[in-house]
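Please open the model in your viewer and keep the sequence beside it. The tour below moves from one selection to the next.

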Amino acid sequence: MTVRKNQAALTADEKRRFVAAVIALKRDGRYDGFVRTHNAFIMSDTDDSERTGHRSPSFLPWHRRFLLDFERALQSVDPSVALPYWDWSADRTVRASLWAPDFLGGTGRASDGRVTDGPFAASAGDWPVNVRVDGRTYLRRSLGTGVRELPTRAEVDSVLGIATYDMAPWNSASDGFRNHLEGWRGVNLHNRVHVWVGGQMATGVSPNDPVFWLHHAFVDKLWAEWQRRHPQAVYLPGGGTPDVVDLNETMKPWNDVRPADLLDHTRFYTFDTQAA
Amino acid sequence: MPGPTRRRALTAGAALAAAAGAAALLAPGASAAPHSHEGSLEPFDEVYKGRRIQGRPAAMDHGTGGHQHGHGGGYAVFVDGVQLHVMRNADGSWISVVSHYDPVTGPRAAARAAVDELQGATLLPFPAN
């Protein structure tokens, strides 16, 4: 069984294996397929028409399945690898070990945002940015400039306290847990982290930055925490909603998996924090 | 409302002019009202930080390859002639593919945010390769 660990607790060997597996997927072309898929959904998910990956109830199960696909691809390279998660409410500065040269590398330089250290720096030669919206082929970041502060634990807790999963109109205007976690409304958790990192992470091609997976693994963990806090709560909507993935409807691009199949993460992986 | 970001602060009217110096040749109605409805958005055409940004209802695109999927509420935005994918949120705010998680007040603000983000780089036609 895969155990997803807090990135701050990884050993040097775990970091090395994770990075090597990510770079192997980049080299064989599979990595860029994930970037391309994400951008296609980002550009087509809209508030007033079909929406699946974002700004909709299926934001959480869609990303859960997307991360499962990525994690399985990593494991096809190195079966010991699991996706780590980044608790940005705790590791909230540029000095976090996450951004050290032995893991993801740090922020970009002031002149052009280019990341200059770590395994994903353009200078290392292993990380061409191929699926892109502009001419720049190097990984960029601008940690803490687009927005100054990452969410706090108190802000996270305030969102976990929302008892209803999602509400009509099932989009970026919704009240409820999903949209507050996604960040279009309220204190803004998930969206704000993308803005805080900057560079490609602030764009539709955000999976170009490997921190995308660690960010979403924590968003996914917060969904699990919310479920434990609200054991009676259910995924909504339950059926018959135009343009929106209901509980028992299949999700694109897979067309063989429903939110209902993804509600229980323990079928696929556990977290290092789970009580035995 | 999402927490304020520096970019949002910078695009708040008067602060923008101060921040951008004389880079923007401001046209009337410098930013779209937050709750403009489809069809009521005015076209714009200005040079911002040395780059031409334009926006217009997609209906005004006479076969110029304007994106018609309605993601921008039927509105098309261009940076130096290359179309920028924009999207209108349910609350009337806007985002673009280069600033996708940080809503701003309108398509012109989205175009300016894109120019800021690009730092001189060429926008590529979408969809991304």
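Begin by selecting chain B, which has 3 helices and 7 strands (DSSP runs, H or I of at least four residues for helices and E of at least two for strands, numbered from the N terminus). This is a predicted model, in which local features need pLDDT of at least 70 and side-chain atom pairs count only at pLDDT 80 or more, while totals for chains, interfaces and linings use all residues. Residues are numbered from 1 along each chain as its sequence is written, chains are lettered from A and ligands numbered from 1 in the order in which they are written, and side-chain values use heavy atoms, with hydrogens and water left out.

Of its 129 residues, 51% count as buried (under 20% relative accessible area, with exposed over 50% and partly exposed in between, using a 1.4 Å probe and protein chains only).

Next, select the open sheet of 3 strands in chain B, whose order is S5-S6-S7 with antiparallel pairing (two strands pair if DSSP finds at least two bridges between them). Its edges are strand S5 (86–88) and strand S7 (99–104) of chain B, each of which pairs on one side only.

Now move to chain A and select helix H2 (residues 30–44), which has 15 residues and reaches 22 Å from its first C-alpha to its last, close to the 21 Å expected at 1.5 Å a residue (that is, 1.5 Å times one less than the number of residues). Among the buried residues of H2(A) are A:Tyr31, A:Phe34, A:His38 and A:Phe41. Which elements do the buried residues of H2(A) pack against? They pack against helix H1 (12–27), H3 and helix H7 (211–229) of chain A, together with S5 and S7 of chain B (contact means heavy atoms within 4.5 Å).

Finally, select A:Arg136, which lies in the loop between helix H3 (59–77) and helix H4 (153–160) of chain A. At 6% relative accessibility, A:Arg136 counts as buried. Leaving aside residues up to four places away in sequence, A:Arg136 touches A:Val129 as well as B:Glu117, B:Leu118, B:Gln119 and B:Ala121. To end the tour, display the backbone oxygen of B:Leu118, which lies 3.2 Å from a polar atom of the side chain of A:Arg136.

How values were computed:
Polar contact = N/O pair within 3.5 Å; in protein donor to acceptor, adjacent residues only side chain to side chain.
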